[in-house]
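Take a walk through this fold with the model open beside the text. Start with one residue, then widen the view.

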Amino acid sequence: MSAGTVVGTVNRPEAVVVTLSRNVFIADTGNNRIQSKPNNGGTAVVVGNPGTSVGQFNQPSCIM
């Protein structure tokens, strides 16, 4: 992933988690979203939408 605003790019990443199945989740803080990258080399996807309502992300900085 590289810097930017489109899916597959990040802006101020603050946390990275690699699951047991080797999928990668990134707290894309500058873009107010969490992104997931599958371990099979597939396309990155946005998990959740930016915003301030319940279920939305506003500058996520941690992933558990």
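Is Val-10 buried or exposed? Val-10 is buried, because its relative accessible area is 10% and the cut-off for burial is under 20%. Val-10 belongs to strand 2, which covers residues 9–10.

Keep in mind that this is a predicted model. Mean pLDDT for the protein chain is 88. Of its residues, 95% reach 70 or more. Confidence is lowest in strand 1, residues 2–3, where the mean is 58. It is highest in strand 3, residues 13–18, at 94. Where pLDDT is low, the predicted coordinates should not be read in detail.

Now the overall layout. The protein chain holds eight strands and zero helices. Read from the N terminus, its elements run β-β-β-β-β-β-β-β. The radius of gyration is 11 Å, close to the 11 Å that the globule rule gives for 64 residues, so the chain is as compact as a globular protein of that length. Along the principal axes, the C-alpha atoms fill a box of roughly 30 × 25 × 15 Å.

Next, surface and interior. The accessible surface of the protein chain comes to about 4100 Å². Carbon and sulfur atoms hold 54% of that area. Buried residues make up 22% of the 64 residues. Among contacts with a separation of 6 or more, 35% join residues 24 or more positions apart.

Four strands form an open sheet, in the order 3-4-5-6, with antiparallel pairing. Strand 3 and strand 6 (45–47) are the edge strands, and each pairs on one side only. Direction ignored, neighbouring strands of this sheet are turned by 30° against each other on average.

Strand 3 pairs with strand 4, residues 24–28, in the antiparallel sense over five bridges. Here Val-18 has Val-24 of strand 4 as its bridge partner. Five bridges also join strand 4 to strand 5, again antiparallel. Look for Phe-25, which stands opposite Ser-36 in strand 5. Strand 4 and strand 5 form a hairpin, with four residues between them. In its turn, Asn-32 has a positive phi of about 55°.

Strand 5 and strand 6 run antiparallel and are joined by three bridges.

Finally, go back to the hairpin loop. Thr-29 sits between strand 4 and strand 5 (33–37). Its relative accessibility is 2%, so Thr-29 counts as buried. Which residues does Thr-29 touch, leaving aside those up to four places away in sequence? They are Asn-11, Arg-12, Glu-14, Gln-59, Pro-60 and Ser-61.

Val-10 and Thr-29 are 19 residues apart in sequence. In space, their C-alpha atoms are 8.1 Å apart. Val-10 is buried at 10%, and Thr-29 is buried at 2%.

Key. Residues are numbered from 1 along each chain as its sequence is written. This is a predicted model: local features need pLDDT of at least 70, side-chain atom pairs count only at pLDDT 80 or more; totals for chains, interfaces and linings use all residues. Side-chain values use heavy atoms; hydrogens and water are left out. pLDDT is the predictor's confidence in each residue, from 0 to 100. Helices (H or I, at least four residues) and strands (E, at least two) are DSSP runs, numbered from the N terminus. Two strands pair if DSSP finds at least two bridges between them. Axes are lines fitted to C-alpha atoms, for helices over the stretch in contact, and angles run from 0 to 180 degrees between N-to-C directions. Buried means under 20% relative accessible area, exposed over 50%, partly exposed in between (1.4 Å probe, protein chains only). Contact means heavy atoms within 4.5 Å. The radius of gyration is taken over C-alpha atoms; the globule rule is 2.2 Å times the number of residues to the power 0.38. Accessible areas come from the Shrake-Rupley method with a 1.4 Å probe; for residues, only the protein chains shown count as cover.
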